[in-house]
Amino acid sequence: MATFLALLLCTQAHADESQVSVDSSGWLCNFCNYPQGWFGILDIGPGYANDASLKFADYRGITEKGVFISINGDMHYLDKAGRYFDLYTRDLGLDSRQLELRGGLHGRIEFRLAYREIPKYRGYGTQTPFSVSGTDRVVLPPDWVYARTTAGMSALEASLLPETLEIKRKLFEVGLSFRMTGNWRYEADFKHTEKNGTRAFGAGVFTIQSSHFPAPVDFSINRVDMGLEYTNKHSRIRFGFSGSSFNNRYASVSWENPFTPVGNTANLRAALEPGSDFYQFNLTGSFRPSAKVRLTAQASIGRITQDVEYIAYSINPDFDDLELPSASLNGSMDTSNLGARMTARLSSKLSLFLSMKYDDRDNRTPIDFYTPVITDLVLREQTPNRPYSFKRSQYSAQFSYRTYTSVNFNAGAKQKRYKRTLQSVRETEDSTWWGEVSVDSWSAAQLRVRIETSDRDISPYRQVGDPGLRENVLMRKFHLANRNRDRALFELDLSLSNRLNAALSYSVSRDRYAKSIIGLMESDEHSVNLDLGFSIKTNLSLHAFVTLEDYDSEIASAEYESAAGWTANTKDRFTTWGFGLSGKLTDKLDISIDYYSSDSRGRIRTDSGADEPPFPDLSTDLRNATIRLNYKASKQWGLSLLAEHENYDSSDWQIDGLGNDGISAILTLGPTSPNYSVTVFRLLANYTF
Amino acid sequence: MIILILLLIISSGLQAQDYSEQGADSCMPCHYEGQPKSAAAIFFTKHASSTDPRAPFSQLQCETCHGPGQDHVFGQQRSLDVLPVNIFGQQSKTPIETQNRICLNCHETKGRLAWFGSRHQVENVACASCHQVHVARDRVFDSLEQQKVCFDCHPKRRSDTLKASSHPLRLGNMSCSDCHDPHNGANEFLLQELTVNETCYTCHTEKQGPYLWEHAPAAENCSLCHRPHGSNHPALLKKRPPLLCQQCHSPEGHPSTAYTSEQTGNSFSNRFMLGRACLNCHSQVHGSNHPSGATLHR
């Protein structure tokens, strides 16, 4: 009885921890230096770029050599009633401008507004005789000379015009959240995205001739997310809705065939991405049945639909009389997801985590028989479409044991099972086991070692009627193949002194497809990283890092089933390093220096048994140095000097030196690997108010 | 009865810590602007709101989160190293579970509803490892600063952003949290959406289909062909076509031919290996809605 009473009292004491009663009537907050009214900072001034490169301009928005205007800043308002307003801006004078605004009444309501532009350029050295201007029709110049190979296109050189392949993404976001009476909270966000410009598109007539041309991009996407949440002491629940609508102004693109047509293929046409709609309802809940157990669960259902009217089988008039089985796809795909997790502290040392997740992609698109005209030239036998569906279930368990000596042990297991329709393998099952030891000697050192192994078993592999040609019977597609995967991770964080700390990590991953004869055979990844931080003095520090990565993989194939096989090996190597200095040099002068270097090398070797040498290295060398000095002349005024130099060298044997006519069967856009060296200066006046 | 008395003593001892006599006015004389442990910038933030009844400063001010501070105040006045009850950070001696519970008391909303059981929770990551409270604007809300926070523990991702093909993180047009919700354990890889593909479709909506002619791996998981964090190959591909395609496609004819370095000058073979390789003709690799697009040419 006494014990029971004591436990009850202790429980009550514990429960009262969050219900303390303190007389704070005398807490006047005289030293609370609240800002009142408007305040902020504005950076404005000229910038200068000493050269122009579309690769440098990519996402950055500095497209031209010369002077530009740089405008950044933020502005705020706060008052005693809790009304607030925040405005953040970046690069308003450039094509990569960003603006974010929010305001409201603390704890009651908030509205949000944001606008961003993201420019993307892919046209490094690209030129084309094709022209497209706001339509879905791409045309050649009137005096074009048709030929069987690119070498015979005598009007090519004179008709080439630069093509920047620019796509600009504009995002407009607006949102609202408010807290209703009681424990309810509501929020809604709407995002409108526009994506406009031109992209490279390539297609042709079988393997005989193909052309690359600029195709129009005119997408718009509207998305809505809404959430209603209820919170109380023991449980929280959220009901959400997401919906989006994707619209493509152009259902197709047609182009003039620049080659001497084979058959009636003077004009060709391809479909573009169809508009579609998506919605999803979801419910998430978190429940705490006791202080030591937490349950969370989530469920959602959704649907994606697509019903854009088909274009005809072919633009080739020879096939005008072919009838489609339906006017549109009436595509519909249901998605459902279910997840649940439990975390439990079984004792002061031992914790248990259990989770399950289920995802279903149920493609309910009707199956019909179509009579494709392959590449606008050859009629193929009737072929059914294959709306793929899959179900995925995952279960995992983890134990975590923390000792009193700062040594922690973690171990777990996970099972992931896929069930697919219409594919070579109906079922795959991945089983994973892992263990981890970590040692945490407070601030001096932390060590973590983790190993993991997993095996994938599959149901019988079978040939399915893929559209196209019959696969080699020995082919095992890597995501449907038996696989053994081993992974290891080593991490060491050291505080070598009060001023110097270091973090070292190494990870390795090995995939083996031992039962595959044709397909991906093995894949390895290694990565080493070292980070160093050094505090020179208060508010002034140095940092440095180096990362080395290797990705190796090997595939095997054969030209036909009884032929001797060939192999191909791909090796990608990355060396990244950098250093920086940041902090205060004096009370009035801040400095920030950053330098980084990233070198990539890709080596591919295909070995058909004749001891062929590897392809030339794919290489990319990026160097960037940035210096920023901020001088505070007075409480209100300051000056910033920014200098950025970036050097980029790359080479790619797949495109370099080809020009537009380097492949006799393909008229390309003639891209080249980007190389540039650009320096940008900005001199900004800072006004603080 | 003896046990009862002992437990009552222990229980009363648990409540021995006292709150300060003047609240924030006990703290701010030491933690004013310019000091190494300045907390002055908190007054620029919602945490210091005096009108939101849920905000710490509408309750017990600094001690709402840091706990009773009388001993700390008295200790500092006597040059004794007595710390507040709750100190936040990965290296703090305040248990991370306790720290995070204090934050989640108010912030267990949206993706944080699924914090428990998430990778970061299981790995015992403190909220304060990533978030700053005593600053005017938490740096994780700035796209350029946020990635530095993530790279502290995920340095390989820093290297990824500098590769030949990568999402535009290094220039601040994107942030890690555009794709990942670091609190949300309900979604795989702490993604913002339930699956990899749903996350990709938020920006690349044009790829979501459903198409008349689907490419099965594209419909299942974008990361079967793409490395979303960075790659040496265009469009974040795991490897170059034709090899990328040949690891799954092997019919007799051009798909299964060994394209070697000695064939780049061969006018027939080079159409399958130079330029965009397989994509020179099969440009609709994500799927096609063309009635004749069965082979993804159209």
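A: The bounds of a domain, as the word is used here, come from an automatic or database domain assignment. The model is a predicted one. On that basis, chain B is divided into domain 1, which covers 96–192, and domain 2, which is made up of 206–258 and 270–298. Taken over C-alpha atoms, the centres of domain 1 of chain B and domain 2 of chain B are separated by 33 Å. Where these domains meet, domain 1 of chain B contributes 7 residues and domain 2 of chain B contributes 8 residues to the contact. On the side of domain 1 of chain B that touches domain 2 of chain B, 1 residue is nonpolar, 3 are polar and 3 are charged.

Chain B also meets chain A. That contact takes 147 residues from chain A and 105 residues from chain B. The side of chain A that touches chain B comprises 69 nonpolar, 60 polar and 18 charged residues.

Within chain A, the pairing of strands may be followed next. In general, strands of a sheet pair through backbone hydrogen bonds, in either a parallel or an antiparallel manner.

Strand 27 of chain A (residues 483–495) and strand 28 of chain A (residues 500–512) run antiparallel and are joined by 12 bridges. A hairpin of 4 residues connects strand 27 of chain A to strand 28 of chain A.

The hairpin that joins strand 28 of chain A to strand 29 of chain A passes through 6 residues. Here S509(A) has E525(A), in strand 29 of chain A, as its bridge partner.

Another part of chain A holds an open sheet of 3 strands in the order 7-13-14, with mixed pairing. Its edge strands are strand 7 (137–138) and strand 14 (267–271) of chain A, each of which pairs on one side only. Strand 7 of chain A runs parallel to strand 13 of chain A (residues 252–256), and 2 bridges join them. In this pairing, V138(A) stands opposite W255(A) of strand 13 of chain A.

Conventions: Residues numbered from 1 in each chain as written. Chains lettered and ligands numbered in written order. Predicted model: local features only at pLDDT ≥ 70, side-chain atom pairs only at ≥ 80, totals over all residues. Contact = placed C-beta atoms within 7 Å. Nonpolar A, V, L, I, M, F, W, Y, C, P; charged D, E, K, R; others polar. Pairing = 2+ DSSP bridges.
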